[in-house]
Amino acid sequence: MSTSSITTLVLEDESLLFSILSFCDDRTSRNEVLFLSKRFLDLLTSEVSFRWRLQCLHIVHGIYSPPTLGLKQTWKDIYLESYPQRNLWSAHKNSKSDSESNKILACMRLKPVLDEPSEHQAAPAEKIVLPLHQRLALIRMSQNLKSNREALRVLQMQGDWFTAQWQQEKSCNEEADGKEITPQEEVAGLPSLIGGVHSIDHENNRVFVVDHTKGLREFSFDHVLPDLSSQDMTYETCARPLVTNFVNGFNSTCLAYGQTGSGKSHTMFGPHDPSNELMSFDQNSSQWGIIPRACYEVFQALEYRQANVRIEIDASVSMSYIEIYGESVSDLLRERAPCGHSKVAAQRYVLDGEAEKSVASFEDTVKLLNQGELQKRTASTAMNERSSRAHTLLILTLKQRAHTLGQVVTSRLFLLDLGGSENLKKSKANTNAQRTKEAVNINLGLLALKRCTAALNSTTRGKKSHVPYLDSKLTMLLSEGLGGNSKSCVILCAAQDPEHAKETLDTVAFGRAISNVSNDRKRSDEESMLKHLLNDIDMSIAKCEENIRRNERWETKTVKQTNAYDEMETKVTTLLVGAESDRLELEKLLRRRAQLTGTAIDIADAENIVGFGNAHSYGMGQQMVPKNE
Ligand SMILES: Nc1ncnc2c1ncn2[C@@H]1O[C@H](COP(=O)(O)OP(=O)(O)OP(=O)(O)O)[C@@H](O)[C@H]1O
């Protein structure tokens, strides 16, 4: 019997063995069957069996599952996640598999500490004195102690807190020198820690960071990768579930966040070879980053499916490779040509798939990746020899049509290498106008990203807050991955070195905020990717209209002026006032909506849109026909 038929048997009729039992009449054979059934049941709950079941789901139902396991993953976990999706490709739809809320995964990857200080390293960090309660917490954690009392005893034994010995030494020194110890000297004498990553608890995925202002702080993530995690482990843990999701017809987003030089490009693309500008994906595949690995796996999965899977699914892949530099979005596959016919319409051009190039194999994607690589803005700074000077977004689009389903299912995989947040002094970008402009553009995009994350986590009067996706091109393009309909993972890249403590703390704090955001994972079918953005604008328009209705009122003014015959006359003018700022906001939103939908309205044409020229309901500062007194 083949593996797939065994698995089908296992899946579809687990009670078969029990039916066999009921047929056994003599005692010996009954015992034998009981023994066999126990072994069979052991097998059923073993990891091997779950692997078989996944194979069966793939072959019979066309549900793709990864070929290998990630960090702390089991086949059972993957099976339990995949099984509810078994009707994805059938005409009979399972609503649970079609829409599901899931939180954004946050994974932390720490750059290994350099043995020798590099020439780009900043000044050494100051020492930080921790408050007593944090110091006790640290001892409790490192020595697995249950109470503060036990931790205090350890601290006293270590003799490095306010022990009798320390107090004695202090007073002796004071007497000998005949002078009082200043508060600064007192602090210097206390046990202290240097800032940065203090320790990592891999078992429970926790990171402890020491910061100047806040002392010791603890952060928990979905995964904290080991210090020397390989590219392979990073991919398996952070990106492979997203690729699986993408092949099964859902949108996925993976982005690398962190300060400059913390390893984002290393994680997303792989190490850069200075002797060869082009990435050589045919060699040294162990060093490939997430992007080449994801492209490779997608084509492998499609090939396997074509050869082995019973459901017939036609699939085509295309790729866009985009650079976001401030408010301009350019196409790396078209020699950095601006996307769209205007700056404002750029994101529409990208989200509508107009920057896509079709790719038939992994080799095709490598060619395009290399083409884009040559166009990227990179430069040497004091923090990174080859620093990305813009945000880079790669979008894989997969269009699939299962013969059983009829309709086309479109899924997108967004892979983003964000520009690094940068302290201008540290990176010495402030000495060069161009570098400064680049850093400011990067930081502005990241700031907008943080604002969106904060809004996604907050509520006003029990309702979800407005998310300012429209504040920057970066957040507009990322709206699917942040609070949209995509399965998302953020890789938090950070340096462990003490001089980067503040930036590391900033990265982990962002990670904590983003990991509280939930996305509503849905199949996008042929829906426009813009729907999400448009919904957001429509909500804002509705809010503005409500404010206008509530606050706007007619105000009558008496104005004295000379008429055409040089005579003084008094005119009564009636104006709509009270919602001027909402009116301006409404105008802005209507413009944005028009740009996104491609209906290039001129605001003069907006007369027909509610709120413009409709004096009964709104009428922006409209003057009524003056009446002579
Ligand atoms: N996990 C790692 N293992 C080994 N080397 C690493 C790792 N992470 C980063 N590096 C090295 O550190 C240097 C800086 O990394 P990288 O260029 O990826 O940083 P970045 O975060 O993309 O910076 P920027 O935002 O300035 O572009 C590179 O030489 C890279 O090879």
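Begin by selecting Gly258, Gln259, Thr260, Gly261, Ser262, Gly263, Lys264 and Ser265, which an unreviewed UniProt entry annotates as "binding site". The model on display is predicted.

Within this selection, centre the view on threonine 260, in the loop that runs between strand E9 (251–258) and helix H12 (264–268). Threonine 260 counts as buried because 25 C-beta neighbours lie inside 10 Å, the cut-off for that class being 20 or more.

Now select strands E5, E6 and E7, which form an open, antiparallel sheet of 3 strands in the order E5-E6-E7. E5 (196–201) and E7 (215–220) are the edge strands; each has a single partner strand, so one side of each has no neighbour in the sheet. On average, neighbouring strands here are turned by 25° against each other, direction ignored. Strand E6 (residues 206–211) is joined to E7 by 6 bridges in the antiparallel sense, and aspartate 211 has glycine 215 of E7 as its bridge partner.

Finish at strands E22 (residues 553–562) and E23 (residues 568–577), an antiparallel pair with 10 bridges. Threonine 556 has threonine 574 in E23 as its bridge partner. The two strands form a hairpin with 5 residues between them, and aspartate 566 in the turn shows a positive phi of about 65°.

Notes: Residues are numbered from 1 along each chain as its sequence is written. This is a predicted model: local features need pLDDT of at least 70, side-chain atom pairs count only at pLDDT 80 or more; totals for chains, interfaces and linings use all residues. Two strands pair if DSSP finds at least two bridges between them. Helices (H or I, at least four residues) and strands (E, at least two) are DSSP runs, numbered from the N terminus. Axes are lines fitted to C-alpha atoms, for helices over the stretch in contact, and angles run from 0 to 180 degrees between N-to-C directions. UniProt positions are given in the numbering used here, feature names are shortened, and annotations may be inferred rather than shown by experiment. A residue is buried if 20 or more other C-beta atoms lie within 10 Å of its own, exposed if 12 or fewer, and partly exposed in between; C-beta atoms are placed from the backbone.
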